[in-house]
Amino acid sequence: MIVDCHGHYTTAPQALWDWRKAQVGNKAPDPGGPKISDDEIRESLEANQLKLQRQRGSDVTFFSPRAGSMEHHVGDAAISAAWSRVQNDLIHRVCSLYPKNFAAVCQLPQSPGVGPQNCVAELERCVKELGFVGCNLNPDPSGGWWKEPPLTDKWWYPVYEKMVELDVPAMVHVSSSCNPAFHFTGAHYINADTTAFMQLIQGDLFKDFPKLRLVIPHGGGAVPYHWGRYRGLAQDMKKPLLKDHLLGNVFFDTCVYHQPGIDLLLKVIPAENILFASEMVGAVRGIDPETGQYYDDTKRYIENNKELDASKKRQIFEGNARRVYPRWKPATS
Ligand SMILES: [Zn+2]
């Protein structure tokens, strides 16, 4: 079985984005959420994510609202709460229509300067009432200005406590950038992945939360490429070896869009810490003229890797996802 742990509803029907536009423009959108039929949901997926699952041979995608649309920096905590609820309810409908193809991951109602305890109720609703298997945690709700404390600060602890209680991981995932210095998917995303890992090196978060699990997307940003730098920095800071300090709790996905990048990831990071992902219909949608294949068809790169044996590849494709997202069970009907 092939489990893609990182997908977003980038193709959601226009009514969702219209609802958001009205909300942001103070035009009193329907408090019941946008009017979207089941057929509109089916259409939005059949020609996109479902078609690609079939073509590329993946079975299930852990599916969350479009990351750039979380926009925690827009409006206040009440705006973020209403928007998160609408987005998560729509993801729940997708997963109810296609329980074999999608498992739900929620957006949290974060807001700049507001402690993440305000996310606990929505996380609990999504997991306990709606069967979500994980959440996306934004380390920078200010959208490119990095105003919040590092992820190791006690400020974040209420949401970690709830994640551990519910036994769900978080993918550390920023939203769009409102800092013109940082291109959103090219710089802000990769910066955030790298920044989150460095924050975790500096702190001792997993001493307080030995069962907490964080997935760093986009192959861990610059981390695998600069593994020597991070090992050396940890050593200078008198931290334990990275494998003991972080790798019991931190995982990387495979959203890396070329063969040499995947080969490096698979060589540097232990296979137990890597989860298959493509983020398809996401940041990079084109075809690589050098290979004639879609950049984001990452399954191909893992299959083509010559170093790892079949059992390690199975771990990456399925086993690790089951371990990191224990609430996910394949749908039987
Ligand atoms: Zn993403």
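Predicted model: local features only at pLDDT ≥ 70, side-chain atom pairs only at ≥ 80, totals over all residues.
Reader: Which helix does Met 163 lie in?
Author: Met 163 lies in helix H6, residues 157-166.

Reader: Is Met 163 buried or exposed?
Author: Met 163 is buried, because it has 24 C-beta neighbours inside 10 Å. The cut-off for buried is 20 or more.

Reader: What does Met 163 touch?
Author: Leaving out residues up to four places away in sequence, Met 163 touches Val 168, Ala 170 and Leu 212.

Reader: And how far is Met 163 from Glu 148?
Author: Their C-alpha atoms are separated by 19 Å. Along the chain, the two are 15 residues apart.

Reader: How exposed is Asp 167?
Author: Asp 167 is partly exposed, because 13 other C-beta atoms lie within 10 Å.

Reader: Let's zoom out. How many helices and strands does the protein chain have?
Author: The protein chain has 13 helices and 10 strands. Its radius of gyration is 19 Å, close to the 20 Å that the globule rule gives for 333 residues, so the chain is as compact as a globular protein of that length.

Reader: What does the C-alpha trace span?
Author: Along its principal axes, the trace spans about 55 × 45 × 40 Å.

Reader: How many of the residues count as buried?
Author: Of the 333 residues, 45% count as buried.

Reader: What about contacts between residues at least 6 apart in sequence?
Author: Of those contacts, 78% join residues at least 24 apart.

Reader: Now H1. Which of its residues are buried?
Author: H1 runs over residues 14-24, and Leu 16, Trp 19 and Arg 20 are buried there. Seen down the helix axis, these buried residues fall within an arc of 95 degrees, so they line one face of H1.

Reader: Which residues are on the face turned away from that buried side?
Author: That face carries the exposed residues Gln 14 and Lys 21.

Reader: What covers the buried residues of H1?
Author: The cover includes helix H4, residues 77-97.

Reader: How do H1 and H4 pack?
Author: Their axes are 11 Å apart, at an angle of about 175 degrees. The two helices are therefore roughly antiparallel to each other. By class, their contact has 7 nonpolar, 1 polar and 1 charged residues.

Reader: Which residues meet there?
Author: From H1 come Leu 16, Trp 19, Arg 20 and Gln 23. They meet Ile 79, Ala 82, Trp 83, Val 86 and Leu 90 in H4.

Reader: What happens just after H1?
Author: Asn 26 takes a positive phi there, of about 55 degrees. Ala 28 lies in the loop between H1 and H2. Its phi is positive too, near 45 degrees.

Reader: Ala 28, buried or exposed?
Author: Ala 28 is exposed, because it has 8 other C-beta atoms within 10 Å.

Reader: On to H2. Which residues are buried in H2?
Author: Ile 41, Ser 44 and Leu 45 are buried in H2. Down the axis of H2, they fall within an arc of 90 degrees, so they line one face of the helix.

Reader: What covers them?
Author: Helix H3, residues 49-56, and H4 are included in the cover.

Reader: At what angle do the axes of H2 and H4 cross?
Author: The axes cross at roughly 80 degrees and come within 11 Å. That makes H2 roughly perpendicular to H4.

Reader: Which residues meet in that contact?
Author: Asp 38, Ile 41, Arg 42 and Leu 45 in H2 meet Arg 93, Val 94 and Leu 97 in H4. By class, this contact has 4 nonpolar, no polar and 3 charged residues.

Reader: Last one. Where is Ala 277?
Author: Ala 277 is in the loop between strand S8, 274-275, and strand S9, 287-288. It counts as buried because it has 30 C-beta neighbours inside 10 Å.

Reader: What does Ala 277 touch?
Author: Beyond residues up to four places away in sequence, Ala 277 touches several others, including Asp 4, Cys 5, His 6 and Pro 217. Cys 255 and Thr 298 are among them too.

Reader: And how far is Ala 277 from Ile 316?
Author: They are 9.3 Å apart in space, C-alpha to C-alpha, and 39 residues apart in sequence.

Notes. Residues numbered from 1 in each chain as written. Buried ≥ 20, exposed ≤ 12 C-beta atoms within 10 Å, placed from the backbone. Helix = DSSP H or I, 4+ residues; strand = E, 2+ residues; numbered from the N terminus. Arc of directions from axis to C-beta. Contact = placed C-beta atoms within 7 Å. Axes fitted to C-alpha atoms, helices over the stretch in contact; angles between N-to-C directions. Parallel < 35°, antiparallel > 145°, perpendicular 65-115°, else oblique. Nonpolar A, V, L, I, M, F, W, Y, C, P; charged D, E, K, R; others polar. Rg over C-alpha atoms; globule rule 2.2 N^0.38 Å.
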